[in-house]
Amino acid sequence: MAYDEKVVRAARGRLEKRRRDAETSAAALRERMCGEIPRLREIEREKAAAIPELTHAILAGNADGAVERIQQKNLELQQEMAHILRSNGCDRDNFEPRYTCTKCGDTGYVNGAVCDCYRRLLQEEACNALSGLSAMRLTDFASLRLDYYDNAVDPKLGVSPREHMRDIIDYCRDYTAAFTPHGDSLLLQGATGIGKTHLCLAIARGVTEQGFGVVYGSVQPLIRRLEAEHFGREQGSSEDQLITCDLLVLDDLGMEFDTPFSRACLYNILNARLLEGRPTVVSTNLSISAMKERYGDQIASRISGGFVPLLCVGNDIRQIIRRQSLG
Ligand SMILES: [Zn+2]
């Protein structure tokens, strides 16, 4: 997939920082340990001297087994260094940098091909660029407050809204903790202002923190962006990203302007993700029958057939907060 320049720059920046950090901390450790234990510096010097010696011995045709002798000596030096470091409380055998990715040494390439770690960073950055991340940073499961939900039994539910929402929140928390890129899709349904967005953000944040590529967004701005790209006002491949990210969280379905373009986009994205077994979390205040009326059978049946429905209940939390702050 082609990524835009900003995404590539951000991913390369993170990769370079990983490499720099590994090298800086290895060099700092070398300085410190060699300062404390002069024998370590001698070993380093002897090891460095072995390289031209070895080249010379090979060029000279390995006279009298010189190559083996030098290799053996080098091995002993390595072992001595490891022993000194370990017995001085150090958790490593040498001063080589410890890269995050051992396959590519945090360069992003193995034998000229893009390494998986770099591919992963590109995907994460592309997701970040699309997501409303500032809200996500502030929101997690711990900050969901159950005391906003009524504690009296609701005859229709058979339990109190508080108890019901405790179950919903637990379900979403478990879903997030055990997230897999081929897991279930969730449909969070319920009236405006009862905590659906908070739940969406908490899921998005929790899954992001596990290193998956997550796109979170309200439907309207995402559609606006797709429109701008489709009609050439902006460059980008947001639709690919929305289809291929590990988790797509679409907040506020039903609040966007309903146009043939928005319907086509929603259908393409939801359908492609379902066909490829990729999970989507949708929040909406529409019932399935209202969805059918608004979007037609195609979209409504994709959602009713492919998503786990979670009914959110309660009073408008924003009004409760407003009342509390006034009173
Ligand atoms: Zn790598």
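**Aromatic rings in a predicted model**

Colleague: Starting with Phe212, buried or exposed?

Modeller: Phe212 is buried, at 18% relative accessible area. Buried means under 20% relative accessible area, exposed means over 50%, and partly exposed is in between, with a 1.4 Å probe and protein chains only. This is a predicted model, where local features need pLDDT of at least 70 and side-chain atom pairs count only at pLDDT 80 or more, while totals for chains, interfaces and linings use all residues. Residues are numbered from 1 along each chain as its sequence is written, and side-chain values use heavy atoms, leaving out hydrogens and water.

Colleague: How many aromatic pairs are there?

Modeller: Four. Rings of Phe, Tyr and Trp (its six-membered ring) pair if their centres lie within 6.5 Å; planes under 30 degrees apart are stacked, over 60 edge-to-face, the rest tilted. Phe179 and Phe212 have ring centres 4.9 Å apart and planes at 70°, so that pair is edge-to-face.

Colleague: Where do Phe179 and Phe212 lie?

Modeller: Phe179 is in the loop between α6 (161-177) and β3 (185-189), and Phe212 in the loop between α7 (196-209) and β4 (214-218), so the pair ties together parts 33 residues apart in sequence. Helices (H or I, at least four residues) and strands (E, at least two) are DSSP runs, numbered from the N terminus. Phe179 is buried too, at 5%.

Colleague: Which residues form a cluster?

Modeller: Tyr175, Phe179 and Phe212 form one aromatic cluster.

Colleague: New topic: what sits over the ring of Tyr118?

Modeller: The charged end of Arg12, 5.0 Å from the ring centre. That term needs NZ of Lys or CZ of Arg within 6 Å of the ring centre and within 35 degrees of the ring normal.
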